[in-house]
Amino acid sequence: MYSKTASKRYAKALIESATEGNKLEETYSEINSVKNLLINSRELSDYLSNPTISKEDKGNLIIKIIGDSHPNIINLIHLLTINNRIDQLKNIAESFNALYSKRQGIIEASITSAVPISIDLEEEVVKYLASIKKGKINLKKKIDKKIIAGFVLDFDDIQFDASAKKKLNKMQKQLTRNN
């Protein structure tokens, strides 16, 4: 079962440990390497979430896969194994990334559109966000044909929805209310 609070606590402890040891950048790289491994391997994710496999086997497999190339993550994996939370590794990585971005002054934003956005529009969005938020803007682009046209911009806890889908839904509600 996913525990957002637990993953945030592990991520906070990891970022504090990495900062104290002056290994924040290395740890950031390592945790994202493991996260990408979990994202790209459905079999590994299924293995880690399988309740019939012992926590020791899960932890040992991760350590065997990453080997000595991730020394800053090994202690986390041992701790997660002991506490039977190894299946939370991806969530911990996501929480770690959020804390890292905040600490580094990086504003995470995403723009979702029905078709790929132009470089000019991307630059305008980054320029706009930079004018209202202090920090480096990291804009992720997503494609979702369900929004039909327009775009949806997400940053911090704000969503600006300029999609055709939203406008059509609004019109539909107005028409059904008037009938």
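Which strands does H7 lie across, and at about what angle does H7 run to E2? H7 lies across E1, E2 and E3, and runs at about 140 degrees to E2. The legends below take this region and others in turn.

This is a predicted model: local features need pLDDT of at least 70, side-chain atom pairs count only at pLDDT 80 or more, and totals for chains, interfaces and linings use all residues. Residues are numbered from 1 along each chain as its sequence is written, and side-chain values use heavy atoms, with hydrogens and water left out.

**View 1. An open sheet of four strands has the order E2-E1-E3-E4.** Its pairing is mixed. Strands (E, at least two residues) and helices (H or I, at least four) are DSSP runs, numbered from the N terminus. Two strands pair if DSSP finds at least two bridges between them. The edge strands are E2 and E4 (158-163), and each pairs on one side only. Neighbouring strands of the sheet are turned by 15 degrees against each other on average, direction ignored. Axes are lines fitted to C-alpha atoms, for helices over the stretch in contact; angles run from 0 to 180 degrees between N-to-C directions.

**View 2. E1 and E2 pair in the parallel sense.** Eight bridges join E1 and E2. Isoleucine 111 stands opposite lysine 141 in E2. Six of the eight residues of E1 are buried, so E1 is largely enclosed by the rest of the structure. Buried means under 20% relative accessible area, exposed over 50%, and partly exposed in between (1.4 Å probe, protein chains only).

**View 3. Strand E3 (residues 150-155) pairs with E4 in the antiparallel sense.** Six bridges join E3 and E4. Aspartate 154 has glutamine 159, in E4, as its bridge partner.

**View 4. Threonine 112 sits in strand E1.** Threonine 112 is buried, at 12% relative accessibility. Leaving out residues up to four places away in sequence, threonine 112 touches Lys142, Asp144, Ile147, Gly150, Phe151 and Val152. Contact means heavy atoms within 4.5 Å.

**View 5. Glutamate 122 and lysine 141 form a salt bridge.** Side chains of opposite charge can pair when their charged atoms come close. A salt bridge is a side-chain nitrogen of Lys or Arg within 4 Å of a carboxyl oxygen of Asp or Glu. By this rule the model has four salt bridges. In glutamate 122 and lysine 141, the closest N and O atoms are 3.0 Å apart. Glutamate 122 lies in helix H7 (residues 119-132) and lysine 141 in strand E2, so the pair ties together parts that are 19 residues apart in sequence. Glutamate 122 is partly exposed, at 22% relative accessibility.

**View 6. Lysine 140 and glutamate 108 meet in a salt bridge.** The N to O distance is 3.6 Å. Lysine 140 belongs to strand E2 (residues 136-143) and glutamate 108 to strand E1 (residues 106-113), 32 residues apart. Both ends are partly exposed: lysine 140 at 47% relative accessibility, glutamate 108 at 31%.

**View 7. Arginine 103 and glutamate 16 meet in a salt bridge.** Their side chains come to 2.8 Å, N to O. Arginine 103 lies in helix H6 (residues 89-104) and glutamate 16 in helix H1 (residues 4-20), so the pair ties together parts that are 87 residues apart in sequence. Arginine 103 is partly exposed at 39% relative accessibility. Glutamate 16 is partly exposed too, with a relative accessible area of 31%.

**View 8. Alanine 93 is a buried residue of helix H6.** Its relative accessibility is 1%. Alanine 93 touches Ile31 and Lys35, not counting residues up to four places away in sequence.

**View 9. Ile148, Leu168 and Met171 form a nonpolar patch on the surface.** Together they have about 300 Å² of accessible area. Patches are made of residues with over 30% relative accessible area and no salt bridge: like charges are joined within 9 Å, nonpolar side chains (Val, Leu, Ile, Met, Phe, Trp, Tyr) within 5 Å. Accessible areas come from the Shrake-Rupley method with a 1.4 Å probe; for residues, only the protein chains shown count as cover. Methionine 171 is in helix H8 (residues 164-178) and is partly exposed at 48% relative accessibility. Leucine 175 is also found in helix H8, and is exposed at 53%.
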